[in-house]
Amino acid sequence: MAERVGIVAVAQTKYHPNRADVNEGELVYEAIKQVLDETGLVYADKGKGIDATITCSQDMWDGRTISNLGVMSYVGAHLADEDKVCEDSINALYCAMARILSGHHDIVLVAAHCKESQANKSIVENAAFDPIFLRLLGLDFLAAAAMQATRYMHRYGITAEQCAKVAVKNRGNAKNNPFAQESLNITIEDVLSSVTLASPIRLLDSKPISDGACAMILARESKAKKLASKPVWILGASNCYETHYPGYRELADCDALVKAARKAYSMAGITSPLRQIDVAEISEEYSYQELLWMEGLGLCQRGEAGKLIDAGVTKMGGQLPVNPCGGMLSGKPTVVAGMANVAEAVLQLRGEAGKRQVPKAKVALAHGVTGICGQHQAVIILGRN
Amino acid sequence: MANRVAIVGIGQTFHKSKRPDVNQAEMANEAVRAALTDAQLGSKDIEAVVSSNMEPFEGVYLPDHWMASEMAACGKSGFKVATGGTSGASAVVEAFHLIASGLASTSLVVGFQKHDTGDTQAGMTACMTPVFGSGATTGAISEFANQALVYMEKSGAKEEHAAMVRLKADRGACRNPYAQLKLGLKGVEEILSSGYLEWPIRILDFCPQTCGACALVLASEEIAGKITRKPVWIADTITVHQEPFRAGSFGDPTGLETYSQDVASTKLYKRNGITNPRKDIDMAEIYEPSTWEEMMHYEHYHFCDENEGWKLIEKGITAIEGEFPVNPSGGVLSTNPIGATPVIRVAEAALQIRGDAGEHQVTRDVKTAVATALGGCNWTTMILLRRSL
Amino acid sequence: MEKEPTQEYIQVKIDTPRPYRWSTGKYLGKLYKEARDRKKLVTNRCTKCKELVYPPQMVCGRCKVEAGQDWVEMSDKGTVVQYTYLIFPRWDPHRGEYYSSPYPSATVLLDSGLYLRSRLEEQDTKKLKRGMRVQAVWKEKGRGRGQDDIEYFRTIEELEVGK
Amino acid sequence: MTKKLEELEAFVVEGKVAIPATYSAGTVGSRFLIEMRDNKRIMGMRCSKCGIVYVPPRSTCESCFDKLDEWVEVSDTGTILTYTVACQPSPVLPAEPPVIYGIIRLDGAGTGFVHMLGEVKSEELRVGMRVKAVFKEERTASVLDIKYFRPLK
């Protein structure tokens, strides 16, 4: 059996609505500098430092072909190994994990950035739709998500109040997270009376525009134990695609997530996720998604996530706190969000999550999603032991 | 100990300048089907799909999502990578690691580019944002033009040598059923009378724009042993990126620069006991967007000494029947669907090892081959293939 | 694979431009400020390798360390190292139109040691030669676009110094 | 040697990336669009193995990966599977908001068809509502040759 892969350092920028004061490189370096300082690592050849870098960014958000050109100096790519993954950044971690498990690399730096503020969200997202049958309709991820929300609520009787509870919970949790972009003291009524963006999704059901970066260092077990006093281990990881055309899918289910989770759980030896997982960080660009993805993750039966939020299972102090950091709803950029979830999970497992610490967290779940109505889903299970 | 990884399926489209009969997804699907057929596997046998494409060329964000079904990716693991021209090689590298790590036992690599959709040169120009100034964004052709000028002066190569590279490429392309440009050129004079794109790059010195896709099926040793008698083993891979050169991205009039090709090949050869590349490797498929680039790459990959690249072409050493054949497929000069181009390099090198290259099978018995890719600002990825490990 | 030519194939044309608000970042911002306010090109010298970092950047990509703030003012004169000129107009993605600059593009080695990609005023390609001496001509109006505040380099009559 | 570090300020450069694109609908997509343009017919593709009828049509079966070539005409009426009312202005919307989107399972189809809904008040919308395609007078072989789907009276 191969050595396990450990996460030895994590860093995030504070998420912000507009980081016009820095370019992409300077932004990502804010996070990278921290992980380099923390581990004392330098960029070097095999055996002496970082063996490879996996970056994650999107040309469409950066407005630049080969977006990694903008960060290459800051990630130590000169005369070194670098690759760029173009999905949510949690997949860059998966890629880095493969590099280590393959035995070819010992220490890999992973860095992701996105400045949503510098592009137009609708135009970028519209470009993801099939240009022949969908794009001219003027869809963006919001409109598609809204149709998924309608379908999900219709099919399983999920209510707008239950979705609003997610928004209230996460925005409240954000008060305890120094990296969160914003925290709000809001009520269910505030959510339900906020302006409708695309029914049933309202302003407070959705995430704000956000800029930020995240960096991490992964290492094989023997190295990880030397590099960090509290390494966190990747126990399981997987990802999965499903079909593109939203009309071909049952949007109220999320088969890709079911498959990704099943694989990650089997690697991690998890048979009863709600009982075995202590804290979960789930990417919810819109409030309904936290509920729908919980079902896909098998944290409850299909259609039962509303009951969990009603019962307070996912709040701080509940059986399985979900998004103690405040989630995407409190401001995390697309692309970066999945890695930020892993970073938060690592802090939880190290017991370094400050006021948002979930007591005695030993196993954590981090989730990342890319594309239209969760077309590409990824799950990583992390553990302290 | 890492799992061994073999290429067990190879498929590509017929490459053309325009493909109105298929959308991008259907085009990729042709290559995927061909690779699965070659591997004698069904779509359900694939566990992971790694794809490569540069989004601003076709203006599709997350094209792997649009094309997921056609790439047999639904219900499978996978992701897309993009590193410029090397994207396809990056996809091979990551798919290789997925199997070597045990995270998957079979994986599909899909590279594609549909050039009749957008404007490739414009897409490349957009690799600099306007914050750096428009003087800096002269596009790829200018880069290669500058580089050619530097190389001519430094090495003593003449335009005739560039023409010989095209002639060699064309001879290969005419024997390769999948190649795009098949000109049937008779001699260098014909090439030397073609017009200039940008001094001193002639139209025939440069690669075409292509619609095409290429797919590979990679498998673990266990699976490969069950399904094929002719596995091609991925012995090693290496990626080396670098900072832009002081005086532009590709040409180096300063003589100060270290080339990523040099660093990558030196490391790769050392790790794999290759002391004399032209002897220890039997053929190469390299990424040469221009004729001049091919001659320079001979030197940077240590196929010959410095300033002697043009002599290899002059002496016919790199011809199909030569001592060390390079790009018998016709290479990038004949076919260039950028996202797929490095995958084609690997595919063609693997076909040579299998002895399945048909009319463009080289004379030399190919046991070891190397495939290279060029991207970003002179970034390199190399993949070393062997008939047996 | 060939389809009969009579088949009608539909093409969907989409030309929505994608707007962006790119940030220069802090270091390149310094160049922008000096170019706009003083018609000077500045960049930082890496405190480790002592080489000019260009465009100015917080990190020296070659040394892989923070480059520091040793700001150096570039001379506005230099020598043409390489040049090339467009024969076909090309699509400029940042203008959204075919663009054919009449000005040849050159790599100029500034006397202060920096290789700079810029345009040459001289449009007669027969008069272009490597080693020719040139001087930056700054835009009088509309500065604030960094290196683009230099309109082009004009040919100057002078002996090559120090070469 | 320690120099006082300068406070540096970034500039913001406003601009765009504009590369026009021409997407090939391909053999299957073209036939679908041409049938709508010329005959106001909505065509689907049936997988003879799985029996699924795809609308819009596709050349590869989602389920069994077989090549598909069995064209079938489906009805221009169908049932709403889901919908949304996009209320806020956006540069990509084809009309002034509100724009209503829906996924409609056309009679005879096995999948949902994504399009717009019209001649209906937002509060009347419901999953399961019966709707019918309204074609434009001037048709150009585009997915927008259908103006929208309106409720069946």
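**A close look at one helix**

Author: Helix H4 of chain B, residues 87–100, has 14 residues, and from its first C-alpha to its last it reaches 20 Å, close to the 20 Å expected at 1.5 Å a residue. Please keep in mind that this is a predicted model. How many of the residues of H4(B) are buried? The count is 14 of the 14, so H4(B) is largely enclosed by the rest of the structure. A residue counts as buried here when 20 or more other C-beta atoms lie within 10 Å of its own. Just after the helix comes B:Gly102, whose phi is positive, at about 85 degrees.

Is A:Val335 buried or exposed? With 31 other C-beta atoms within 10 Å, A:Val335 is buried. Its contacts, leaving aside neighbours within four places in sequence, are with A:Cys56, A:Ser57, A:Gln58, A:Trp61, A:Asp88, A:Ser89, A:Ala112 and A:Cys114. A:Asn91 gives another view of the fold: 244 residues separate A:Asn91 from A:Val335 in sequence, while the C-alpha to C-alpha distance is 9.8 Å.

Chain A also touches chain D. In that contact, 32 residues come from chain A and 34 residues from chain D. On the side of chain A, the elements giving two or more residues are helix H4 (121–126), helix H5 (141–156) and strand S5 (196–198). H5(A) provides the largest share of that side, 6 residues. By residue type, the side of chain A that touches chain D divides into 18 nonpolar, 11 polar and 3 charged residues.

Now for the partner itself. Chain D has 1 helix and 10 strands, and from the N terminus on its elements run β-β-α-β-β-β-β-β-β-β-β. The radius of gyration of chain D is 22 Å, whereas a compact globule of 153 residues would have one near 15 Å. Along the principal axes, the C-alpha atoms of chain D fill a box of roughly 80 × 40 × 30 Å. Of the 153 residues in chain D, 48% are buried. Among the contacts in chain D with a separation of 6 or more, 48% are between residues 24 or more positions apart.

Chain C can be described in the same terms. Its secondary structure comes to 1 helix and 14 strands. Why is chain C described as more spread out than a compact globule? The globule rule gives 15 Å for 163 residues, and the radius of gyration of chain C is 21 Å, well over that value, so chain C is more spread out than a compact globule. The box filled by the C-alpha atoms of chain C is roughly 70 × 40 × 35 Å along the principal axes. Buried residues make up 45% of the 163 residues of chain C. For contacts in chain C with a separation of 6 or more, residues 24 or more positions apart account for 49%.

Finally, a word on confidence. Chain D averages a pLDDT of 95, and 97% of the residues score at least 70. For the complex, the predictor gives an ipTM of 0.95 and a pTM of 0.96.

Key
Residues are numbered from 1 along each chain as its sequence is written. Chains are lettered from A and ligands numbered from 1 in the order in which they are written. This is a predicted model: local features need pLDDT of at least 70, side-chain atom pairs count only at pLDDT 80 or more; totals for chains, interfaces and linings use all residues. Two residues are in contact if their C-beta atoms, placed from the backbone, lie within 7 Å. Helices (H or I, at least four residues) and strands (E, at least two) are DSSP runs, numbered from the N terminus. Ala, Val, Leu, Ile, Met, Phe, Trp, Tyr, Cys and Pro count as nonpolar, Asp, Glu, Lys and Arg as charged, and the others, Gly among them, as polar. The radius of gyration is taken over C-alpha atoms; the globule rule is 2.2 Å times the number of residues to the power 0.38. A residue is buried if 20 or more other C-beta atoms lie within 10 Å of its own, exposed if 12 or fewer, and partly exposed in between; C-beta atoms are placed from the backbone. pLDDT is the predictor's confidence in each residue, from 0 to 100. The expected span of a helix is 1.5 Å times one less than its number of residues.
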